[in-house]
Amino acid sequence: MRKLELHWQILIGMLLGILFGFGMTLVDWGNDFVSDWIQPLGTVFVKLLKLIAIPLIIASLVKGISDLKDISKFKNIGLRTIGIYIITTVVAISIGLILVNTVRPGKGISQETVTKLTETYANDAGVTSKLEEASRQKDSGPLQFLVDMVPDNALSAMSDNSLMLQVIFFTIFLGISMLLIGEKKAKPLKDFFDSLNDVVLKMVDLIMLTAPYAVFSLLAAVVVSSSDPDLLLALLKYAGVVVLGLALMIVFYAVVVSTFTKKNPFWFLKEISPAQLLAFSTSSSAATLPVTMERVEEHIGVDKEVSSFVLPVGATINMDGTSLYQGVAAVFISQALGFELTFADQLTIVLTALLASIGSAAVPGAGMVMLVIVLESIGFPADKLAIGLALIFAVDRPLDMCRTVVNVTGDATVSMVVAKSVDKLGDPHVEEWDDNYDEVK
């Protein structure tokens, strides 16, 4: 019998996880059983992906830069990447603002619901921690992001996945320095990183063998820990606007792929779907990065010279889904709490969300920290910030899962466009986990 393709295996695991989670909510001991015996399997899977993220970035980026043999090529790739990321982020925020101003979901929230949500979540540890983190970021200087980008200890930066920009900075510095010392002197170090890159990609293949079981675990845990269903229903209109906007972004990416790369957009979405499904399950662009790189390079045909730079940078600064969500959430909160927004305020939302996305960590929940910064930029009353976050906190996790899918899809799209523009988009070359098994068995 023909083996099911990976994306179908993962999808089946997700559906079974959701059904199992709902079943466990019907019994008294269900929540404890899932958290004690099911959730740890998903946690181990995510930790494995995060474990190889930094080594993969270093090995892949050094290999990509050293293969260029021309610094001007790297400059072209870098400028095009940043430029396209800015364009897609502005498009995402604009789509969100158009939808939320058209549908006006905040006008349908009753005062009773606002009060109930406030009482339930305003003092929640998740809300208060986001406010504290946003306050810390707001107090930093205008060029603090440049300071934060440069590590004072490369090994320390490599030990923390949230410091991915520092790792990228060091790795680019290392790769360019290797180019400048000449090919002969750099060859031993280049051979090491080439080999390391092959080993880490093989680790990705091995980890992905457990993906269907891991997403079952992750989705079951999300379902049994979901919030009050009545509150979720009250926020259904708001959540629907966000999801519609995210769906339109996927359509936008499909059009971009078809127009600029001349590839079938349905083929593109099929090949990237395992990374999308993992993004949905983990809510983390950083955790999904190794899988995204593997799918883009092997299954879509983007050259490593492009993917090794575009994808790690994208996982850190390209937050199209998160930026769209911030635009919708900021206007929704303002509508629900009677805070009138001018056209200038909405332009400020676009600019602030764009800038905030660059400094946002690629981890679950970072979007709410950025949202606080966006709300403060339009003069939203400080004493109502906790209430504003409480309004959307109940549905933040499922929406976080959805917007991470868009973030990952955007990264893959931009990598294809950049690769096509520099003639580095070739044919797929799929490698399986057991390709060299005969040599060692």
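Me: Is K63 buried or exposed?

Reply: This is a predicted model, in which local features need pLDDT of at least 70, side-chain atom pairs count only at pLDDT 80 or more, and totals for chains, interfaces and linings use all residues. Residues are numbered from 1 along each chain as its sequence is written, and side-chain values use heavy atoms, with hydrogens and water left out.

K63 is buried, because its relative accessible area is 18%, and buried means under 20% relative accessible area, while exposed means over 50% and partly exposed lies in between (1.4 Å probe, protein chains only). The side chain of K63 meets that of D67 in a salt bridge, with 3.3 Å from N to O; the term stands for a side-chain nitrogen of Lys or Arg within 4 Å of a carboxyl oxygen of Asp or Glu. Side chains of opposite charge can pair when their charged atoms come close. K63 and D67 are four residues apart in helix α2 (residues 30-68), so about one helical turn separates them; helices here are DSSP runs of H or I with at least four residues, strands are runs of E with at least two, and both are numbered from the N terminus.

D67 also takes part in a salt bridge with K190, at 2.9 Å from N to O. This pair links distant parts of the chain, since K190 lies in helix α9 (residues 183-208) and D67 in helix α2, 123 residues apart. K190 counts as buried too, with a relative accessibility of 18%. In total, the structure holds twelve salt bridges.
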